Amino acid sequence: MTETLSGNFPLVAAVVLMGIGLYILIFRRNLIKIVMGITILSSSVNLFLVTLGYRAGGIAPIYTDAPEGPMVLPVVQALTLTNIVIAVATSALILSLVIRIYRHTGSLDSKKSRRMKG
Amino acid sequence: MSKIVRTVANQLMLFVLVFGLYVIIHGHVTPGGGFQGGAIIASGVVMLIVAFGSGHIKKSLRERRLSVVESSGALLFILVAFAGIGTVFFFNFLVGSRIFGGIPPTGPNPGDVWTGGVIPLMNLAVGLKVMAGLSAAVLALALFSSGEEMEE
Amino acid sequence: MRQFFAWLFLIVLMVFLVIGGFKMVHPFGEPPSTMDQYIIDNSQEEAGSNNVVGAVVFDYRGFDTLGEATVLFAAVTGVLLVLRASEKKEET
Amino acid sequence: MATLIEHSSILIIAVPLLIAFLTPLIGMASKKARNSVVVVGLAFVAFLVFALARDVILNGIHIYTLGATSPSLAIPEGTMVPVRIILEVDGVSVFMGIVVAIVSLVAVIYSLSAMKGETGQNRFYTLLLLMVAGTFGMVFTGDLFNLFVFLEITSISGAALIAFRTKFADSQEGGFKYIVVSAIASLMVLFAISLLYAQYNLLNIGALAAAMQYTMLDRIALVILIAAFAMKLGGVPMHMWISDTYSVAPVSITVLLITASQASMYALMRICFILYGVTLDLAVVGWIVIAIGILGMFIGVTMAVRQTDITRLIAYNCVCEAGFMLIGLGVGLAVLGDRTDLGTFGTTAINGAIFHMINHALFEGLLFLVAGAIFYRIGTRDLNQMGGLGHTMKFTAGFFLLGALASSGLPPFNGFASKILIYESVYQFNPILTIIGILVSIITLAVFIKAFFSAFTGALLPKYEDIKEVPKTMIAAMTIFAVFIIIFGLFPGLILDWIVRPATDALVDQASYINAIMGAIP
Amino acid sequence: MTLIVESGYEFWNPIIWLITFAVVMVIVYFFRKRGEAKYKKGEDQTQIFLCGEEVPVAEQRHVRGGNAYWGFFETLKEYYDGIVRLHTGVVNDYVVWFVAVTAISAIILLIAELVR
């Protein structure tokens with residue numbers, strides 16, 4: 001049991017974070033909180049990605065004055081960097097759209113801001 | 001903000017710039033790189049915006065110039081990538097050549113800035129681009145939410 | 001009604017993911033590393049960079065970085081487009 | 001020329017990016033130069049796409065390894081797996097590339113006069129080019145994470161473009177919904193990719209397909225990928241963002257959004273047919289896709305009947321057409337296992353689905369352009385305000401009728417040519433699906449009869465008596481679509497032989513896709 | 001290079017269809033020629049005749065899009081009430097649908113695995 005737990009522990013943590021993010025996206029009607037939910041979702045994916053590359057007793061994959069020991073996987077770190085920048089870009093754009101919506105409708109409630117339905 | 005904050009921000013901006021440039025230039029030797037250094041400098045710009053107010057920053061820092069810098073950074077990046085198309089797109093054609101052509105010894109070594117081929121150039125381009133882009137985005141959000149008029 | 005179904009599906013999805021996690025083949029700390037080991041070994045000769053992550057970001061997977069810079073460019077352009085001063089009369 | 005074709009697969013993606021980075025600088029100097037540069041660049045990209053398509057259909061799969069010492073060096077010495085990003089272009093990719101090339105060129109030509117007098121045109125064209133580049137990248141790449149990155153490029157530029165008309169609240173809302181939906185879908189896709197990476201330490205589609213064992217984590221990844229891409233292509237019940245976004249965007253952006261959704265459908269095909277292939281339990285996944293398709297057809301068309309906003313009406317019709325394609329793909333996927341059924345009707349179903357994709361892009365694009373022309377002239381999208389426009393806008397009325405007949409599958413237009421393939425093949429799989437499909441086509445005709453009647457026919461309303469025909473370039477853009485519709489309708493056999501059958505063969509042939517990457521290994 | 005989409009039971013050839021269409025058009029035109037030729041434009045017989053009532057103006061003459069297919073919607077009232085209530089324009093509900101589809105397909109795959 002402990003072996004399997006240690007085997008899937010990062011996935012469980014990422015899934016818990018993802019559940020929090022999806023909970024916010026489903027049950028919170030505030031547009032700013034929706035942006036927060038998306039950010040939490042992306043951080044859960046980042047957490048899972050960066051834990052994938054961990055080696056027991058690993059060092060940072062940089063050869064400059066490197067100590068002894070195995071290096072952790074570098075590709076997942078690059079992917080995480082990419083995903084972080086993408087998350088920043090997405091939240092910036094969503095926030096500008098939220099500002100515009102607030103200027104138009106005067107409220108941040110996702111129930112109020114539905115011009116189109118049916 | 002108060003005069004103390006403005007003065008301290010003025011002084012700190014220099015160190016922020018130096019640190020950001022260091023992170024950008026040494027991106028292929030030490031931890032860091034273009035994105036990180038550009039984000040550091042952009043955070044310095046955000047500090048100035050917080051200290052002086054977006055209306056004051058707008059006089060010296062315009063979106064037009066910032067978008068010009070950002071476009072030129074992106075252009076430099078993609079042109080460096082295009083330069084390798086003699087063999088293959090994104091080919092690291094500078095390794096072993098005059099500029100940044102040094103090849104470090106295999107294994108742990110003290111590190112040398114004059115290595116990495118096109119990686120330092122790409123770091124520089126991405127650093128320019130991220131700095132200008134994040135500053136422009138934050139400035140635009142601040143200007144709009146503070147009701148200031150923004151140029152097209 | 002909506003609350004109940006939302007909770008139900010959310011919990012079902014999370015349980016499904018966690019059950020899958022128990023089946024994870026490689027335990028935490030010993031990941032499979034066929035591709036990454038090659039990059040760790042050869043980044044100094046091929047890319048001439050001590051920073052292996054930098055080599056991956058700008059040499060091995062440089063196209064992803066171009067796309068990433070493009071995403072940032074698109075987002076900043078979009079922010080400046082959405083928040084532009086639109087005083088002129090709009091046709092179309 | 002040989003070197004051009006050798007590098008064409010990356011040039012098709014990189015040239016729009018280069019022009020997009022150049023556009024703000026040129027646009028500050030002069031607007032005419034910017035417009036000409038954009039049009040010429042996209043025309044050059046279209047030429048490259050056709051050249052690459054001819055090369056791929058003649059000589060097989062096209063490999064381009066980014067950053068290696070040689071474009072065909074997929075696997076470096078000293079290892080057994082691909083390390084760098086590889087662009088892998090096969091029949092399906094060039095098919096989607098042709099669709100995107102045609103539609104993007106038409107969209108830009110339409111925008112030239114439709115966007116005249118708007119503010120922020122530099123950024124508009126920049127984002128349009130970025131969206132085109134993102135769609136090309138989605139359909140050309142052979143790397144899963146690269147697919148995610150280009151998906152994000154398409155989503156972000158598309159959201160910013162949907163919110164282009166900042167004075168309307170609903171366009172802002174549409175952009176917000178689009179970016180939220182896209183962000184969730186792409187993050188789920190990235191989670192699935194990381195699940196695959198955790199087991200095989202690979203990101204290349206061909207190598208992953210070679211190493212695929214269909215464990216529990218692979219099932220989870222498959223479920224998440226199918227749901228996320230079905231959300232991105234507007235499969236019911238995740239279709240509601242489509243009507244909200246397609247209806248408020250500038251129409252030249254809407255036709256690009258259609259191609260973006262179809263790129264998501266291409267990604268779904270790539271995942272199901274190539275990445276998992278015959279390892280997955282085909283009947284179950286096929287029936288999941290078929291169920292999404294049936295719901296899409298029925299709910300899409302029944303919601304389209306009651307719309308009074310013309311672009312919303314066409315958007316719901318898009319959901320319905322997507323259902324047709326999903327049914328064809330699902331049938332092809334369900335019988336992928338045994339070769340006899342695949343030979344008798346499976347390949348025909350996939351043929352119909354793939355042929356319907358380009359037809360869908362053509363006639364829905366034409367309908368959206370017509371709706372945009374109406375909005376350009378009378379300034380409203382509400383069908384209750386329209387009437388008698390056919391007296392003054394004759395070309396527009398003719399184009400709308402053409403698109404409507406093609407969309408509702410009447411002979412001799414291209415919609416019929418692809419729908420009859422789906423009907424025939426699906427009937428041999430399960431007759432109920434064909435009956436539902438024919439019923440849905442009838443209701444589609446009713447939808448467009450309502451729209452055409454209330455918009456174009458009837459007495460000429462006095463308030464529209466001084467309405468003129470739309471400018472020449474918009475007519476030209478619509479004419480390109482109309483010509484393609486008529487050609488595809490009159491010569492379906494040629495189109496099938498030239499681009500559709502190679503796409504189907506590339507889709508059902510997983511081994512050659514894997515060999516193109518892993519073939520270097522002794 | 002064939003012009004025929006062969007599939008299963010029948011074939012589809014647009015050229016043959018066009019030829020048939022042209023022939024039918026010729027026959028129709030032939031019958032139409034044998035009709036009355038007394039129709040002249042610009043007279044009272046081109047005006048709208050509404051049982052002697054005076055013809056309303058164009059706005060009231062035109063059936064608007066919202067009024068079309070009234071009986072269809074009356075017949076399917078329950079269906080449309082249900083289906084329109086599902087189309088709430090709220091973003092959160094879109095996420096609920098996504099999670100629902102993911103969970104349901106996951107359950108289906110799990111059952112398929114357990115059955116086999």
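Good morning, colleagues. What we have here is a predicted model, in which local features need pLDDT of at least 70, side-chain atom pairs count only at pLDDT 80 or more, and totals for chains, interfaces and linings use all residues. Residues are numbered from 1 along each chain as its sequence is written, chains are lettered from A and ligands numbered from 1 in the order in which they are written, and side-chain values use heavy atoms, with hydrogens and water left out.

I begin with chains D and E. Among the nine pairs of chains that touch, this pair has the most contacts, a contact being heavy atoms within 4.5 Å. Chain D contributes 68 residues and chain E contributes 47 residues. Between them, about 4,900 Å² is buried, and carbon and sulfur atoms give 76% of that area. Which residues of chain D lose the most area to chain E? They are Val223(D), Met240(D) and Glu424(D), which together account for 12% of what that side buries.

Turning to specific interactions, the count between chain D and chain E is one salt bridge, defined as a side-chain nitrogen of Lys or Arg within 4 Å of a carboxyl oxygen of Asp or Glu. Its partners are Arg219(D) and Glu113(E), with the closest N and O atoms 3.7 Å apart.

Helices (H or I, at least four residues) and strands (E, at least two) are DSSP runs, numbered from the N terminus. By class, the side of chain D that touches chain E has 46 nonpolar, 13 polar and nine charged residues. In this scheme Ala, Val, Leu, Ile, Met, Phe, Trp, Tyr, Cys and Pro count as nonpolar, Asp, Glu, Lys and Arg as charged, and the others, Gly among them, as polar.

Let me now turn to one residue of chain E. Asn92(E) is found in helix α5 (residues 91-115) of that chain. Is Asn92(E) buried or exposed? Asn92(E) counts as buried, because its relative accessibility is 0%; the cut-offs are under 20% relative accessible area for buried, over 50% for exposed, and partly exposed in between (1.4 Å probe, protein chains only). Its side chain makes a polar contact of 3.3 Å with the side chain of Arg29(A). Setting aside residues up to four places away in sequence, Asn92(E) touches several residues, among them Leu25(A), Ile34(A), Ser110(A) and Arg2(C).

Next, chain B. Its secondary structure comprises five helices and zero strands. Of its 152 residues, 50% count as buried. Its C-alpha atoms fill a box of roughly 55 × 35 × 20 Å along the principal axes. Among its contacts with a separation of 6 or more, 67% are between residues 24 or more positions apart.

Where chain B meets chain A, the contact takes 12 residues from chain A and 15 residues from chain B. The two bury about 1,100 Å² between them, 70% of it on carbon and sulfur atoms. On the chain A side, Tyr63(A), Thr64(A) and Arg103(A) lose the most area to chain B, together 35% of what that side buries. There are zero salt bridges between these chains, and four residue pairs, both at pLDDT 80 or more, are in polar contact. No contact joins chain B and chain E, and their closest C-alpha atoms lie 23 Å apart.

Finally, some backbone features. The peptide bond from Val236(D) to Pro237(D) is cis, with omega near 0 degrees, and Pro237(D) sits in the loop between α9 and α10 of chain D. Pro411(D) and Pro412(D) are also joined by a cis peptide bond, with omega about 0 degrees.

Although not a glycine, Asp65(A) has a positive phi of about 55 degrees. Asp65(A) is exposed, because its relative accessible area is 57%. Tyr214(D), likewise not a glycine, has a positive phi of about 60 degrees. At 9% relative accessibility, Tyr214(D) counts as buried.

Terms used: Buried area is the accessible area (1.4 Å probe) that two parts lose on being put together, summed over both. A polar contact is a pair of N or O atoms within 3.5 Å; within protein, one must be able to donate a hydrogen and the other to accept it, and residues adjacent in sequence count only if both atoms are side-chain atoms.
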